[in-house]
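Here is a friendly briefing to read alongside the model. Have the sequence and the 3D view open as you go.

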Amino acid sequence: MNRIWCERETDVVRSLRTGLLSAELRDHVLSCVVCAEARSAAQVMLQTASLLRTEDGVPAAGLVWSRAQARKRESDQKRATRPLIVMRVLSAVYVVLCAGWALHSFWGSVSMELLSGLNAFWSGTVGLGAAIALLAIAIGAWYLLYDGRRSGAGIPST
Amino acid sequence: MSEQEFRSLYDATARPILAYLVGVTGRKDVGEDLLQETYCRFLVRQPPSMNVDETRRYLFRIATNLLRDRWRRRDDESWQEIPEHGFSLDIDAQIDVRAAMGALKPRERELLWLAYVEGMGHAEIAAATGLRTISVRMLLFRARRRAAGLLLPKRETV
């Protein structure tokens, strides 16, 4: 069975970095497939690393800090407006449920007696209360949705 | 974390992470973008206090996740755009670094870079990549074998 690692691998790779390969380690590399492969692979990587000299290319720390602060503010605002978004969704769901309930009641009245049912529904205290509540909720939900759309869901873009 | 603390952390860790990102993607512009994103995420998440080594591994972990996100979106799987003047054949080993790096899979480049350029052990690579140590050992074995295999035909023709 092939070995998949060797405890001398680190020494072999270190020798590539330092350029110091002892005779004993050289003999080991010649007899150890793992270390021979590691040496070849490490050569490719180290040569690549030496070609990609990035000393001058690191973006300024201040730039990264400013960008992170802006991102942090954005994230905080998102977190702060999350309850409002939940309220908007709940309002919309509530409106749909109320509308469904009102339609159901109306349909029930119509099926019994079209005109008298309609009168009973609208003249009844429950029907009137439901209509007022529905109207208030609809206005509130509309305002929240309108306000959210106008301000980009309450989250300013940076 | 204060700006001063961030600056000293950045000065100590940014260069090897940028080299890793550029080395694995083969693109300096992408490497710089990902480096900034790495530190932004680090600052926004505000991880609990860690020592220097843990912070370094954590930053490599974020960088590795960002690389994976790019490859998942298939933004750039190929290793490219390294300036032509920086490439030459290694006289001793006849290694065409560009061809060898280009032929490796992104994950192979990641693992080989961490192991041979950063000098990380299997456990450290596991912490930096989110893989299990046993998986790192196996994947590194395959990557190493593949990288070494890419060099063999050239050596035989010399």
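Predicted model: local features only at pLDDT ≥ 70, side-chain atom pairs only at ≥ 80, totals over all residues.

Residues are numbered from 1 along each chain as its sequence is written, chains are lettered from A and ligands numbered from 1 in the order in which they are written, and side-chain values use heavy atoms, with hydrogens and water left out.

**The interface of chain A and chain B**

- Across this interface, 39 residues of chain A are in contact with 51 residues of chain B (contact means heavy atoms within 4.5 Å).
- The two chains bury about 4,100 Å² between them, and 68% of that lies on carbon and sulfur atoms; buried area is the accessible area (1.4 Å probe) that two parts lose on being put together, summed over both.
- In chain A, I4(A), M45(A) and W65(A) lose the most area to chain B, and together they make up 17% of what that side buries.
- The rule finds 10 residue pairs in polar contact across the interface, both residues at pLDDT 80 or more (a pair of N or O atoms within 3.5 Å; within protein, one must be able to donate a hydrogen and the other to accept it, and residues adjacent in sequence count only if both atoms are side-chain atoms).
- On the side of chain A that touches chain B, the elements giving two or more residues are helix 1 (9–18), helix 3 (33–51) and helix 4 (61–112) of chain A; helices (H or I, at least four residues) are DSSP runs, numbered from the N terminus.
- Helix 3 of chain A gives the most to that side, with 15 residues.
- By class, the side of chain A that touches chain B has 22 nonpolar, 9 polar and 8 charged residues (Ala, Val, Leu, Ile, Met, Phe, Trp, Tyr, Cys and Pro count as nonpolar, Asp, Glu, Lys and Arg as charged, and the others, Gly among them, as polar).

**Salt bridges**

- The count is 17 salt bridges over all chains (a side-chain nitrogen of Lys or Arg within 4 Å of a carboxyl oxygen of Asp or Glu).
- Between chain A and chain B the count is 4 salt bridges.
- E9(A) pairs with R144(B) in a salt bridge, with the closest N and O atoms 3.1 Å apart.
- Within chain A, R8(A) forms a salt bridge with E24(A), the closest N and O atoms being 2.9 Å apart.

**Helix packing**

- Helix 2 (residues 23–31) and helix 3 of chain A pack at an angle of about 105°, with their axes 5 Å apart; axes are lines fitted to C-alpha atoms, for helices over the stretch in contact, and angles run from 0 to 180 degrees between N-to-C directions.
- Helix 2 and helix 3 of chain A are therefore roughly perpendicular to each other (65 to 115 degrees; under 35 counts as roughly parallel, over 145 as roughly antiparallel and the rest as oblique).
- In chain B, the axes of helix 3 (residues 52–72) and helix 6 (residues 122–129) come within 7 Å and cross at roughly 55°, so helix 3 and helix 6 of chain B are oblique to each other.
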